[in-house]
Amino acid sequence: MIKPLTSLRFVFALMVFSSHLINFLKGNEIYNSYFLEGKFGVSFFFILSGFILSFNYKNKFLEKKDFKKFYISRIARIYPVHILTLIIALPLSLGGFFLKPFVWFIKFLLNLLLLHSFIPIKNFYFSFNGPSWSISDEMFFYLLFPFFILMFNKIKLSKFYSFVFILLISLSIQFFPDTIVNGYFYVNPFFRITDFIIGILIFYIYDSKKVEAYIKYKNTFTFIEIGSIILFFIFFTFHKYIPFGYRLFGYYWIPMSLLILIFSYQSGYISKLLSGKMMIVLGEISFSFYLIHQLIIKFIYALNKKMHWTENGILLILVVFFISLILSYLMYNFIELPSNRYLKNKLIKKD
């Protein structure tokens, strides 16, 4: 485990959480300007996924080991919580079932199989539990990941070709309207795999030891950690000057990649703070938090609209946050972790 990166998962999950609070903060200028931007935190998860998987599996794959174990571990990691949140989402989708039962069933089947992000229609890729579209993407990345590692090892120029591919894809965005960019570049796994590949390439930089060789002192690492955080906030602050399409796809690659690379060394004072026990716990429950929070937002909003509890949006946000946090902790300890262990013990034969 790279502790600072585990903790940063919760920070970016919190960003995504903030982007889904529009029902409680409609018309709020600060929210519209900054909090909505939090949805781009998904890029961090994709890049981090490529990096961490490379960190854990690169050498094993090159030795032709653990392919089966890898796929089983990935399914065991994400499917239990996905199925649980899909079931929780069912009551919110009953209107669609009565209006168009066949379409509802197709959406449900696609969600169940984690294929819904392949359909470039908003009512499909955001159906049931909206954030799960990114898990659909992740499953696609997992499928291809071993092949990327083998390709990068066998073909000398493969990393360069990958970089050129990513550059061409990002430059092509300017020729498409925002609706196309959202359905394809932002959601579709064939395009979002660029984030994942960036994560793999960052790992190769990390694995080369070149950065660490140039930075020998802990204090230097602390300054660089602070600098990487400042750079991210500079990008975040000036996002309004960037075309929407680029913000959906590619704008945050540089600062997010730098954060992952720098904090992977765990050598500065900020890394020490992020390695605290509480931060690690929050990082570990971040996957459950990510998948449950929007459902809680919808339930609380619907109940408050019916029961007229309060018109205080901030109070409702705090309620949603703490309920999501508590449920995430329970889901991690009683669903995510036990089911992960159970499935791996059952499906992976001991040598």
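Leaving aside neighbours within four places in sequence, histidine 239 is in contact with Ser33, Tyr34, Glu37, Arg247, Tyr251 and Tyr252, where contact means heavy atoms within 4.5 Å. This histidine sits in the loop between α13 (218–237) and α14 (244–248). Histidine 239 is buried, at a relative accessible area of 3%; buried means under 20% relative accessible area, exposed over 50%, and partly exposed in between, with a 1.4 Å probe and protein chains only.

A quick word on what you're looking at: this is a predicted model, in which local features need pLDDT of at least 70 and side-chain atom pairs count only at pLDDT 80 or more, while totals for chains, interfaces and linings use all residues. Residues are numbered from 1 along each chain as its sequence is written, and side-chain values use heavy atoms, with hydrogens and water left out.

Now for the whole protein. There are 19 helices and zero strands; helices (H or I, at least four residues) and strands (E, at least two) are DSSP runs, numbered from the N terminus. The radius of gyration is 20 Å, close to the 20 Å that the globule rule gives for 351 residues, so the protein is as compact as a globular protein of that length. That radius is taken over C-alpha atoms, and the globule rule is 2.2 Å times the number of residues to the power 0.38. Along the principal axes, the C-alpha atoms fill a box of roughly 60 × 50 × 45 Å. Buried residues make up 50% of the 351 residues. Of the contacts with a separation of 6 or more, 79% are between residues 24 or more positions apart.

Helix α1 (residues 3–19) is a handy one to check. At 1.5 Å a residue, its 17 residues should span 24 Å, and its end C-alpha atoms are 26 Å apart, which agrees; the expected span is 1.5 Å times one less than the number of residues. Most of α1 is covered, with 14 of its 17 residues buried.
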